[in-house]
Amino acid sequence: MSTLVIAEHDNSGLKPATLNAVTAAQALGADIDILVAGAGCAAVGEEAAKIAGIGKVLVADNAVYEHQLAENVSLLIAEVAAGYDNVVAPATTNGKNIMPRVAALLDVAQVSDVIAVESADTFKRPIYAGNVIATVQSSDARKVITVRTTAFDAAAAEGGSASVEAVSAVHDAGLSSFVGEEVAVSDRPELTAAPVVISGGRGMQNGDNFKLLEGIADKLGAAIGASRAAVDAGFVPNDMQVGQTGKIVAPDLYIAVGISGAIQHLAGMKDSKVIVAINKDEDAPIFQVADYGLVADLFDALPQLESAL
Amino acid sequence: MKVLVAVKRVVDYNVKVRAKGDGSDVDLNNVKMAINPFCEIAVEEAVRLKEAGVATEVIAVSVGEKPCQEQIRTALALGADRGIHVETEGRIEPLVIAKLLKGVVEKEQPQLVILGKQSIDGDNNQTGQMLGALTNMPQGTFASEIKVEGDKLNVVREVDGGLQTISLSLPAIVTTDLRLNEPRYASLPNIMKAKKKQLDVFSPADLGVEVTHHIAQLRVEPPAERQAGIKVEDVAQLVDKLKNEAKVIS
């Protein structure tokens, strides 16, 4: 039995999501190799080789893989996957984009967003916006799996000494090209990796008021998130959305401000270690999951909180 | 250009779905059904392309049991020109749905296929990408903006770090994210008109597809409950608790 883990990276460094995917892969009980597909990504291969418990790291370093275009990378993964029983990727936007294409090329189903590995063929995953957890069993000989990174601890990034091998296969489907990207520039930690997250909801009333969260975020080293209601209302961009249709986070401390607590939002943050809710509606469902609830007008509470920290 | 748009019948997004007591499945007795919200965005985008003179015809397709014709009629009321129903029985997996949609794509030869990024029941987020692989079409998933430019399609995608723009050759596949558009409401005259629009029904056999099962659902259960904590009096008490009880801030 063998498992191939698809590395998440930006061509210069490995993303932490890879380490969570490795832990999920370990639960499958098979030998683990890692595939790094990218361009100028040799350093990522070296970094992946240090992860504890990895057999070998395969590096496909070619311009056609630079921007992770699904059409090209899926052809590569499907070819490399021929030698493996399982293919595992983190359920990031990248993994969600590429892996179903891989599954279809292999003519197998994909098990999406796995939160627990029960056995080599049986998994738990949330459905209906996290209202229900389904236990599913795959009958495919080769399994394609994406894993929810917050549900698995990170594997040790150091301690391994895997061999690194180059993969020479070049797949250019010739169907798509990269035009550009707008990456949110921020000194704050990334939402999915931050130890503290402070999120605003519809109660923030407008985008300008999100500034009230910034001072607190700076003092706590926190990332700033938002509920879907705040995104739908146009207060903030969608890449800040925490929830079943946005990002899934599990920080040490999650502060929900002016968020009622729709199940959609709870699905994205309820695995946080400590949850604080600030809301003027004492019946808001968010208080049912909060460790510490403060019934208050956020426009009074936020400035007080900032000065108290 | 011809646009194919896929719609799925799902539980209305306002319904709080629960697992049955015996864990055999979710309880969907007498719950309100609706078009999947992401599919509604897909229909809206296709109709806007037609209104802009880019699309010549919009075809709404749904795979499922007989009642999903209601959701095809909804798409027709929103402005799609005609409907296709691929009639299936029971639970059907994204891979098979993608194969059935491939059959429809081969029949209709659309230049653009728009789907929702995921359905709010299974939350799989697979069908569009799988259809891309099976038809060898490029994909613009999680789209927040699309623009046809000559024989190319520019797609702005919602990705983890922000936004990414890619260029796809046509024919292409797009899956919708929340901010692509705000769907309109169907007017009563349009709902009436939709009843008369053409709706063709095919079986999987008509499309040369065998319905297979790769995933068995063994049981369902409610998620682990989180215990509600305490209410604090004021900000000072909150900060004290976080420092000295939870020890998450210093």
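Reader: In what order do the six strands of the open sheet with parallel pairing stand?

Author: The order is β13(A)-β12(A)-β14(A)-β15(A)-β16(A)-β13(B). The pairing is parallel and the sheet is open. Keep in mind that this is a predicted model.

Reader: Which strands stand at its edges?

Author: They are β13 (223–226) of chain A and β13 (230–232) of chain B. Each has a single partner strand, so one side of each is left without a neighbour in the sheet. Neighbouring strands here are turned by 25 degrees against each other on average, direction ignored.

Reader: How many bridges join β14(A) to β15(A)?

Author: Five, and the two strands run parallel.

Reader: Now a helix. How do I read a buried face?

Author: An α-helix has 3.6 residues a turn, so residues three or four places apart point the same way. Then look at helix α8 (residues 298–308) of chain A, where A:L298, A:A301, A:L302 and A:L305 are buried. These residues cover an arc of only 100 degrees around the axis, which puts them on the same side of α8(A).

Reader: What do the buried residues of α8(A) pack against?

Author: In chain A, they pack against α5 (211–220), β14 (253–257), β15 (274–279) and β16 (292–295).

Reader: How many residues are in contact between chain A and chain B?

Author: First, a general point. The size of an interface is often given as the accessible area lost when the parts come together. Here we count contacts instead: 72 residues of chain A are in contact with 65 residues of chain B. By class, the chain A side has 38 nonpolar, 22 polar and 12 charged residues.

Reader: Which strands of the two chains do six bridges join?

Author: Strand β8 (residues 132–138) of chain A and strand β12 (residues 215–221) of chain B, running antiparallel. Within that pairing, A:V136 has B:Q217 as its bridge partner.

Reader: What is the strand order in the open sheet of 10 strands?

Author: Read it as β11(A)-β9(B)-β8(B)-β7(B)-β10(B)-β6(B)-β1(B)-β4(B)-β5(B)-β11(B). The pairing is mixed. The edge strands are β11 (176–183) of chain A and β11 (199–202) of chain B, and each pairs on one side only. On average, neighbouring strands of this sheet are turned by 25 degrees against each other, direction ignored.

Reader: How many bridges join β8 to β9 of chain B?

Author: Eight, between residues 152–159 and residues 162–169, and the strands run antiparallel. One of the pairs sets B:L153 against B:L168.

Reader: Which strands does helix α1 of chain B touch?

Author: Helix α1 (residues 37–51) packs on the sheet and touches β1 (2–6), β4 (57–64), β6 (112–116), β7 (139–149) and β10 (172–176) of chain B. Its direction makes about 150 degrees with that of β6(B).

Reader: Is A:Y128 buried or exposed?

Author: A:Y128 is buried, with 25 other C-beta atoms within 10 Å. Its phi is positive, about 50 degrees, although it is not a glycine. A:Y128 is found in the loop between β7 (122–127) and β8 of chain A.

Reader: And B:N136, buried or exposed?

Author: Exposed: B:N136 has 11 other C-beta atoms within 10 Å. This residue is not a glycine either, yet has a positive phi of about 55 degrees. B:N136 lies in the loop between α4 (127–135) and β7 of chain B.

Reader: How many residues of α4(B) are buried?

Author: Seven of the nine, so α4(B) is largely enclosed by the rest of the structure. Among them are B:M130 and B:L131. The buried residues pack against α3 (70–80) and α4 (93–105) of chain A, together with α3 (94–108), β6, β7 and β10 of chain B.

Terms used. Residues numbered from 1 in each chain as written. Chains lettered and ligands numbered in written order. Predicted model: local features only at pLDDT ≥ 70, side-chain atom pairs only at ≥ 80, totals over all residues. Contact = placed C-beta atoms within 7 Å. Nonpolar A, V, L, I, M, F, W, Y, C, P; charged D, E, K, R; others polar. Pairing = 2+ DSSP bridges. Helix = DSSP H or I, 4+ residues; strand = E, 2+ residues; numbered from the N terminus. Buried ≥ 20, exposed ≤ 12 C-beta atoms within 10 Å, placed from the backbone. Arc of directions from axis to C-beta. Axes fitted to C-alpha atoms, helices over the stretch in contact; angles between N-to-C directions.
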